[in-house]
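Open your viewer and keep the selection tool at hand. This tour goes stop by stop, and each stop tells you what to select and what to look for.

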Amino acid sequence: LGIGTGRVAIPLAARGVAVSGVDASADMVRVLATKAGAEPIAVTTGDMASDLPPGPFALVFVVVNTFFNLTTAEAQQQCLHSVSAVLGDGGRFVIEAFVPEDEPATSSAVDVRSITVDRVVLSVSRSDHVDQTAMGQFVDISPAGITMRPWQIRWATPAQLDAAAAAAGLHLEARYGDWTGTSFDDHSPRHVSIYAKSEAVHG
């Protein structure tokens with residue numbers, strides 16, 4: 001999910017894994033199509049909440065907080081139902097995401113991402129910790145002018161993800177603090193969670 005320009009998908013395809021992907025950005029999908037090694041990858045341009053290829057798949061995965069690009073709880077729940085529907089018998093869903101921290105009800109930040117003699121890139125953001133949403137802009141300022149790249153996310157806690165997954169017929173099989181298998185605990189800033197399709201919804 002969120003295949004983008006193929007940073008993860010292309011190395012998998014190079015190992016002989018049959019890879020399919022979905023992404024909402026037609027621009028990213030076009031970039032992926034130009035890359036060496038992308039030829040065997042089947043790509044769908046669409047919403048990862050509802051436009052998944054039919055499967056069945058042994059594995060569906062979404063990494064680097066991409067699941068949170070679905071900006072409502074309803075869209076996230078729909079995505080989990082869609083994933084469950086395309087997983088084959090014994091299939092797994094893997095999600096990598098950050099663990100939200102306790103914060104004030106609202107907060108905002110302006111950070112310098114990079115600065116040179118003729119260019120400044122700022123990150124401007126505002127978070128609502130009641131709605132569990134954040135939005136912002138990357139602001140690029142140079143003699144050529146000002147450009148902005150917007151972003152928006154809706155985060156969920158691991159416990160909320162577990163509940164939403166269970167409602168879609170998926171149960172938590174394992175959770176780690178990173179891709180190397182580090183134990184997950186209350187201090188882990190990230191998680192890699194593995195969900196299995198529940199027996200009742202197999203087939």
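**Stop 1**

Helix 3 and helix 4 are oblique to each other. Helices (H or I, at least four residues) and strands (E, at least two) are DSSP runs, numbered from the N terminus.

This is a predicted model: local features need pLDDT of at least 70, side-chain atom pairs count only at pLDDT 80 or more, and totals for chains, interfaces and linings use all residues. Residues are numbered from 1 along each chain as its sequence is written, and side-chain values use heavy atoms, with hydrogens and water left out.

Now select residues 73-86 for helix 3 and residues 158-167 for helix 4. The two pack at an angle of about 50°, and their axes are 8 Å apart. Axes are lines fitted to C-alpha atoms, for helices over the stretch in contact, and angles run from 0 to 180 degrees between N-to-C directions.

The crossing of helix 3 and helix 4 is right-handed.

Which residues in helix 3 and helix 4 meet? Show the side chains of Gln77, Leu80 and His81 in helix 3, and of Ala164, Ala165 and Ala167 in helix 4. These are in contact (heavy atoms within 4.5 Å). By class, the contact of helix 3 with helix 4 has four nonpolar residues, two polar and no charged. Ala, Val, Leu, Ile, Met, Phe, Trp, Tyr, Cys and Pro count as nonpolar, Asp, Glu, Lys and Arg as charged, and the others, Gly among them, as polar.

**Stop 2: the face of helix 4**

Stay on helix 4 and color Pro158, Leu161, Ala164 and Ala165, which are buried. Buried means under 20% relative accessible area, exposed over 50%, and partly exposed in between (1.4 Å probe, protein chains only). Look down the axis of helix 4: its buried residues fall within an arc of 125°, so they line one face of the helix. The arc is that of the directions from the helix axis to the C-beta atoms. An α-helix has 3.6 residues a turn, so residues three or four places apart point the same way.

What covers the buried residues of helix 4? The cover includes helix 3, strand 4 (87-98), strand 9 (170-176) and strand 10 (190-197). Just after helix 4, click Gly169, which takes a positive phi of about 85°.

**Stop 3**

Select Leu172, in strand 9. Leu172 is partly exposed, with a relative accessible area of 35%. Leu172 touches Asp162, Ser193, Ile194 and Tyr195, leaving aside residues up to four places away in sequence.

Next, go to His187, in the loop between strand 9 and strand 10. Is His187 buried or exposed? At 74% relative accessibility, His187 counts as exposed.

**Stop 4**

Most residues other than glycine have a negative phi, and most peptide bonds are trans. Zoom in on the loop between strand 2 (42-45) and strand 3 (57-62), where Pro56 lies. The peptide bond from Gly55 to Pro56 is cis, with omega near 5°.

Move on to Val64, in the loop between strand 3 and helix 3. The phi of Val64 is positive, near 50°. Val64 is partly exposed, at 44% relative accessibility.

Then find Gln132, between strand 6 (119-128) and strand 7 (133-142). Gln132 also has a positive phi, near 60°. At 13% relative accessibility, Gln132 is buried.

**Stop 5**

Select Val29 in helix 2 (residues 26-34). Val29 is buried, at 14% relative accessibility. Its contacts are Gly4, Asp23, Val43 and Thr45, not counting residues up to four places away in sequence.

Finish on Phe138, in strand 7. Phe138 is buried, at 16% relative accessibility. Among the residues Phe138 touches are Arg113, Leu122, Met148 and Trp151.

How values were computed. Angles under 35 degrees count as roughly parallel, over 145 as roughly antiparallel, 65 to 115 as roughly perpendicular and the rest as oblique. A crossing is left-handed if the near helix is turned anticlockwise from the far one by less than a right angle, and right-handed if clockwise.
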